[in-house]
Amino acid sequence: MIALIEASNRAAQVDRLAAWLLAASGFVVLLVFGLIVIFAVRYRRGSKASRAPLPIAEWKVEAGWIAGTTLGFLAFFFFGARLFVAMEDASGPADEIRVVGRQWMWDVRQPNGRREFDTLHVPLGTRVRLRMTSEDVIHSFFVPDFRLKQDVIPGKEVLLVFTATRTGRFPLFCTEYCGSKHAQMKGEVIVQRPEDYARWMANAQPPAEVLAHGHNLFLHYGCSGCHDRGSIVHAPSLEGLYGATVPMADGTFRRVDATYLRDCILNPETVRPAGYPPVMPSFRGVVPESDLTEIIAYLEGSVAAP
Ligand code: CUA
């Protein structure tokens, strides 16, 4: 027997439905095969069993059998549909958490604005409503121990309502092929007791997390393609650049600070460092403000001049 972890109210509900469906299917299989065996023996060639017509009309037997099984299995449709609707319930009180799927990370915003990446903290025993969408392609949010799986679709918001019933860390996967790093798009759902969750929420975001995210964005927008050491394109390496003073093509000098980096990213036509061809494309309208801030924070923290 496989030990199944049921870590949400949905897990218990889904498992119960699956168990009933298995039992009903098993019952039908046994009934059909049992009748085949019984009839094969009873009506074998030369047996003395009665072959007189049935005492009731044959169509009534047929109709009864068809109606009985149809209604029986429609009951499963009813219970399944009810569960499906409950998971997408937009009404009633719940902690609302925003989840954005992006190549290739889960971007989570808690009710108080705290942001996290590839982890989702939820309080134990509290109704949670995830408001989910995707920024690029279709991803799928899958937490096996919660029996929750929901596609996230660009341009559309989908809901996922559940209550965690067990503390611990539970794996989170993307189950829709979404590009070359699909397999790495995974994380964890962390269920904490409400008081621990409240304490976690109140804490400032650890800088390491911000840096890791800025680095992800740096890769995501393709900055690293040209600006990593050893890249083929002739672009300035960013190592040791932040805080340094660099020569411009027109003979002036500029200090590399947040304003400079912002200009480089949004208005590269206005920044001409000496010795480099003007090939940097503008990311105006491509990098949203929130991401820009984080990329600059990352560059500030990780590649500052010694
Ligand atoms: Cu995201 Cu696969």
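1. In the second largest pocket, α1 (9–42) and α2 (58–87) each supply at least two residues of the lining, helices being DSSP runs of H or I with at least four residues and strands runs of E with at least two, numbered from the N terminus. The largest share, 6 residues, comes from α2.

2. This is a predicted model, in which local features need pLDDT of at least 70 and side-chain atom pairs count only at pLDDT 80 or more, while totals for chains, interfaces and linings use all residues. Residues are numbered from 1 along each chain as its sequence is written, and side-chain values use heavy atoms, with hydrogens and water left out.

3. A pocket here is an open set of points, on a 1 Å grid over the protein atoms alone, where a 1.4 Å probe fits, with protein on both sides within 12 Å along at least five of seven lines; lining residues have an atom within 4 Å of a point. The second largest pocket holds about 320 Å³ of space, and Arg 10, Trp 20, Phe 76 and Arg 82 are among the residues that line it.

4. About 710 Å³ of space lies in the largest pocket. Of its 35 lining residues, those closest to the centre are His 227, Ala 235, Pro 236, Cys 264 and Met 280. The elements that give two or more residues to this lining are α5 (223–227), β11 (245–247), α6 (258–266) and α7 (289–302), and the largest share, 4 residues, comes from α6.

Note on methods. Points joined across faces, edges and corners; volume = space filled by probe spheres on them.
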